[in-house]
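Subject: Structure handover

Hello,

The structure is pasted below. My notes on it follow.

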Amino acid sequence: MSLPKAYILIFLVLIVDQLSKIYVKTNFALGDEVVIFDWFRIHFIENEGMAWGTKIPGQYGKLILTVFRIFAVFGIAYWLSDAIKKRHSTYLVVAIALIFAGAAGNILDSVFYGVIFDDSHGNLATIFSPQPYGTWFHGLVVDMFYFPIWKGTLPSWFPIWGGEQVSFFNAIFNVADMAISTGVGILLVFNRRAFPKH
């Protein structure tokens, strides 16, 4: 795959990611949910930007996470450029491009959303608000896709969680997260094609 094609893929993922986030942010109050199917919902949440809502504790935790992600994206960009120059497998180039696009999409939230949106608690956010909810590098990542495919009680004989109420799949995520997961999935499932032995 050529560099221009990789750029197009990255651009398309970023556009879909940001348009979906802006739509949800400006049309849903925090916690609002629309049921598409029993097993698929649009449920608006925000988080510090780590998987499963995890955050780095302390006053500078969010800033540290955002700066780390920016450095990581530069590393991924170098990996992408190097893979294309060395004419590596299309599987590898597509996977890296998707991971790059996903990481960049969530960085945009972290860097800019705190200064261009107002608060979403109990009301719809407005874009380019004169009263933003945060500061540079302290924006919250917008998540919305929720797939509660199965809810129930596990049998008592089940190890560790036996007898507990569980929900599968409980994560709420966005387009950027899907791009990262797809890229990693390609590397795992098509490992031999992504990294052929010469």
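Is Phe-112 buried, partly exposed or exposed? Phe-112 is partly exposed, at a relative accessible area of 35%; buried means under 20%, exposed over 50% and partly exposed in between, with a 1.4 Å probe and protein chains only.

Some conventions before the rest. This is a predicted model, in which local features need pLDDT of at least 70 and side-chain atom pairs count only at pLDDT 80 or more, while totals for chains, interfaces and linings use all residues. Residues are numbered from 1 along each chain as its sequence is written, and side-chain values use heavy atoms, without hydrogens and water.

Aromatic pairs

The structure holds 13 aromatic pairs (ring centres of Phe, Tyr and Trp, the last by its six-membered ring, within 6.5 Å; planes under 30 degrees apart are stacked, over 60 edge-to-face, the rest tilted). One of them is edge-to-face, Phe-112 with Trp-136, at 5.7 Å centre to centre and 75° between the planes. This pair links distant parts of the chain, 24 residues apart: Phe-112 sits in helix α3 (residues 90-116), and Trp-136 in the loop between α3 and β3 (141-146). Helices (H or I, at least four residues) and strands (E, at least two) are DSSP runs, numbered from the N terminus.

Phe-169 and Phe-173 also pair edge-to-face, at 6.1 Å and 70°. Phe-169 is partly exposed at 30%, whereas Phe-173 is buried at 14%. Both belong to one aromatic cluster, whose members include Phe-37, Trp-39 and Phe-147.

Regards
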